[in-house]
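Q: I am new to this structure and would like a close look at a single part of it. Please take me through that part step by step.

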Amino acid sequence: FLLLTVALAAAPGVCCSDYPDRLQLDNIRHNAATNLNPEQLSRFHVMGHEWGSPVVPLLELTRATGEPAQGFDLVVMADLIYKGSLHTELLQSASNSLGTDEQARVLVSWDKNNQPEEVPVGFLAKAEQEPHYLFEEPSSRCEAGSVTMVALRRRLP
């Protein structure tokens with residue numbers, strides 16, 4: 001839903017990825033076709049991605065905007081931290097997808113009702129240990145009802 005909103009806001013290009021399962025990806029395409037006009041839909045790309053695998057195919061989608069494939073300005077991970085055993089792979093995919101601009105961000109959100117508290121705590125602890133990220137100032141943590149969102153940025157030299 002969030003990525004459809006970004007596409008509606010005239011972002012130059014939006015890539016929505018999910019586990020490479022045809023039914024899941026077809027559902028995303030259906031939702032996009034139902035909610036976006038043809039011009040918006042031309043900027044909305046759907047591609048399967050298994051966490052930890054090479055992100056080059058995802059990055060190639062940024063070429064559709066006419067720019068070199070250098071990474072995304074914004075990586076949104078909504079309700080993806082549920083599986084603690086894959087946090088390293090998830091962080092790897094996010095880091096490898098993120099552009100090098102100092103304004104580039106990773107937004108991570110989760111619903112407290114859908115997982116035990118130790119899952120997001122473990123994910124954020126793992127992210128802090130990664131050499132790629134620094135947490136934004138505390139104001140980057142936003143809570144709305146049972147949903148929490150945290151912004152991460154690339155660790156700059």
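Which residues in H5 meet which residues in H6?

A: In this predicted model, the H5 side of the meeting is formed by His87, Thr88, Leu90 and Leu91, while the H6 side is formed by Val119, Gly122, Phe123, Lys126 and Ala127. As for the two helices themselves, H5 covers residues 87-97 and H6 covers residues 118-129, and they pack at an angle of about 55 degrees with their axes 10 Å apart. Because angles of 65 to 115 degrees count as roughly perpendicular and those under 35 degrees as roughly parallel, H5 is described as oblique to H6. The crossing of the two helices, H5 and H6, is right-handed.

Leu90, one of the H5 residues that meet H6, also has a contact with Trp51. Trp51 is located in the loop between strand S2 (44-48) and helix H4 (56-60), and although Trp51 and Leu90 are 39 residues apart along the chain, their C-alpha atoms are separated by 5.1 Å. Beyond its neighbours within four places in sequence, Trp51 is in contact with Leu80, Tyr82, Leu86, Glu89 and Ser93 as well as Leu90.

H6, in turn, contributes three residues to the lining of the second largest pocket, which is the largest share of that lining. This pocket holds about 150 Å³ of space, and the residues lining it include Pro120, Val121 and Leu124, along with Trp110 and Arg141.

How values were computed. Residues numbered from 1 in each chain as written. Predicted model: local features only at pLDDT ≥ 70, side-chain atom pairs only at ≥ 80, totals over all residues. Heavy atoms only, no water. Axes fitted to C-alpha atoms, helices over the stretch in contact; angles between N-to-C directions. Helix = DSSP H or I, 4+ residues; strand = E, 2+ residues; numbered from the N terminus. Parallel < 35°, antiparallel > 145°, perpendicular 65-115°, else oblique. Left-handed = near helix turned anticlockwise from the far one by under 90°. Contact = heavy atoms within 4.5 Å. 1 Å grid on protein atoms, 1.4 Å probe; cavity = no way out; pocket = protein on both sides within 12 Å on 5 of 7 lines; lining within 4 Å. Points joined across faces, edges and corners; volume = space filled by probe spheres on them.
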